[in-house]
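Hi,

Here is the structure I promised to pass on. Have a look at it first, and my notes follow below.

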Amino acid sequence: QVQLVESGGGLVQAGGSLRLSCAASGGTFSSYAMGWFCQPPGKEREFVAAISRSGGRTYYTDSVKGRFTISRDNAKNTVYLQMDSLKPADTAVYYCAARLAYSGTSYFTSTGQYTYWGQGTHITVSS
């Protein structure tokens, strides 16, 4: 059983930056592909970014390309989401997710592909 705990959310002005962290425990972190999802107010949870278990492959939804960067430190059992040039439309609860990956290059982009989820961290971007 993998436990995921997100941190780093908060209130930021448009154009600002935040870095989210997701600390994992209870499993071999380097065996898991990781993802970040967001759930804006009144909307469904949606994909933001994904990273392979080795960190060698990443993938982003179009709306965050060039602004967000996903990374991981397998020695620290942590995945990060660096969020720059934030917009009010980025306001949401952000969740990290994990699933076992048998390929070192696989990443996953849909909620149904992930097994474990964190509790979420709120981000509010003011205009």
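Which hand does the disulfide of C22 and C96 have, and what is the torsion about its S-S bond? The torsion is about 45°, so the disulfide is right-handed.

Before the rest, a word on the ground rules. This is a predicted model, so local features need pLDDT of at least 70 and side-chain atom pairs count only at pLDDT 80 or more, while totals for chains, interfaces and linings use all residues. Residues are numbered from 1 along each chain as its sequence is written, and side-chain values use heavy atoms, with hydrogens and water left out.

**The cysteines**

The structure holds 1 disulfide, where a disulfide means a pair of cysteine sulfur atoms within 2.5 Å. C22 and C96 are the partners, with 1.9 Å from S to S. C22 sits in strand 3 and C96 in strand 9, so the bond ties together parts that are 74 residues apart in sequence. (Strands here are DSSP runs of E, at least two residues long, and they are numbered from the N terminus.) Both C22 and C96 are buried; buried means under 20% relative accessible area, exposed means over 50%, and partly exposed is in between, using a 1.4 Å probe and protein chains only.

What about C38? Its sulfur is 13 Å from the closest cysteine sulfur, in C96, which is too far for a bond. C38 has 8% relative accessibility, so it counts as buried.

**Around strand 9**

Strand 9 is mostly covered, with 7 of its 9 residues buried.

In the loop between strand 10 and strand 11 you will find Q119. Q119 has 48% relative accessibility, so it counts as partly exposed. If you follow the chain, Q119 and V5 are 114 residues apart in sequence, but their C-alpha atoms are 6.7 Å apart in space.

Strand 3 (residues 18-25) pairs with strand 8 (residues 78-83) over 6 bridges, in the antiparallel sense. One example is L18, whose bridge partner in strand 8 is M83. As background, strands of a sheet pair through backbone hydrogen bonds, either parallel or antiparallel.

The search ran on a 1 Å grid over the protein atoms alone: a cavity is a set of points where a 1.4 Å probe fits but cannot get out, a pocket is an open set with protein on both sides within 12 Å along at least five of seven lines, and lining residues have an atom within 4 Å of a point. Points are joined across faces, edges and corners, and a volume is the space filled by probe spheres set on the points.

The largest pocket has a volume of about 170 Å³. It is lined by 15 residues, and the closest to its centre are E46, S63, V64, A89 and D90. Strand 5 (46-51) and strand 9 (92-100) each give two or more residues to that lining, and strand 5 has the largest share, with 3 residues. By class, the lining has 8 nonpolar, 3 polar and 4 charged residues. (Ala, Val, Leu, Ile, Met, Phe, Trp, Tyr, Cys and Pro count as nonpolar, Asp, Glu, Lys and Arg as charged, and the others, Gly among them, as polar.)

How many cavities of 30 Å³ or more are there? The count comes to 1. The largest cavity holds about 40 Å³ of space, and V2, A24, S25, G27, T28, F29, Y32, M34 and A98 line it. Strand 3 and strand 4 (32-39) each give two or more residues to this lining, which divides into 6 nonpolar, 3 polar and no charged residues.

Cheers

Definitions and conventions: Pairing = 2+ DSSP bridges. Helix = DSSP H or I, 4+ residues; strand = E, 2+ residues; numbered from the N terminus.
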